[in-house]
Amino acid sequence: MFARTPRLLLRPAWPEDAAALTQAIGHEDVARMAARVPYPYTRADAEHWLAQPCGPTEPRFLITALDRGGAPELIGGIAIIAGDTGHELGYWLTPSAWGRGYATEAGRAVVAMARDALPISRLGAWHFVDNPASGRVLGKLGFRATGQRMARASAGRSGLSPSLHYALDLESERRSIMPLAA
């Protein structure tokens, strides 16, 4: 799967992306806000992640910016993964891409894919309490806070951190965009 938005290309990750991935994700500030990203992030970590297979309901994309003046630039990643609460949306951006609406733009494309092409009825997402920007992105994507709060593992923090859960009902979204029968 690929997706194109006005400013972004979402595409599968390839082995030759290891160096660019290591550079884009290898920031302590990124690792602290992601559950599965270790810090420091090494080329071996990138190669290991790039070699992992994806399930048929688990699309995984690198986010490439097309509007940054020059060659396309790897600025992040976004995926649907089978998590402990069902299918979950996860994403990250390199710090130079923060605050520009890229996460929302990429998220809209992936949520549309999940709604239109995947047999998933619900998406969940978590964010660490000290990352309210991620909660705002989830809200813009239509996710709603469930009220569930728990300490979740963070590889970048080397421990547990308080997190908030969000959910998006894809079935109700499907119903709301279906044309009425004539």
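So, strands β7 (residues 144–154) and β8 (residues 159–169): they run antiparallel, joined by eight bridges. Strands here are DSSP runs of E, at least two residues, helices are runs of H or I, at least four, and both are numbered from the N terminus; two strands pair if DSSP finds at least two bridges between them. Alanine 153 sits opposite leucine 160 in β8. The two strands make a hairpin with four residues between them, and serine 158 in the turn has a positive phi of about 55°.

Quick caveat: this is a predicted model, where local features need pLDDT of at least 70, side-chain atom pairs count only at pLDDT 80 or more, and totals for chains, interfaces and linings use all residues. Residues are numbered from 1 along each chain as its sequence is written, and side-chain values use heavy atoms, with hydrogens and water left out.

Back to that turn. Arginine 157 forms a salt bridge with aspartate 130, at 2.8 Å, N to O; by salt bridge I mean a side-chain nitrogen of Lys or Arg within 4 Å of a carboxyl oxygen of Asp or Glu. Aspartate 130 is in the loop between β6 (122–128) and α5 (132–140), and arginine 157 in the loop between β7 and β8, so the pair ties together parts 27 residues apart in sequence. Arginine 157 is buried at 19% relative accessible area, while aspartate 130 is partly exposed at 40%. Buried means under 20%, exposed over 50%, partly exposed in between, with a 1.4 Å probe and protein chains only.

Over in α4, twelve of the 16 residues are buried, Glu105 among them. Glu105 also belongs to a salt-bridge network with Arg7 and Asp67.
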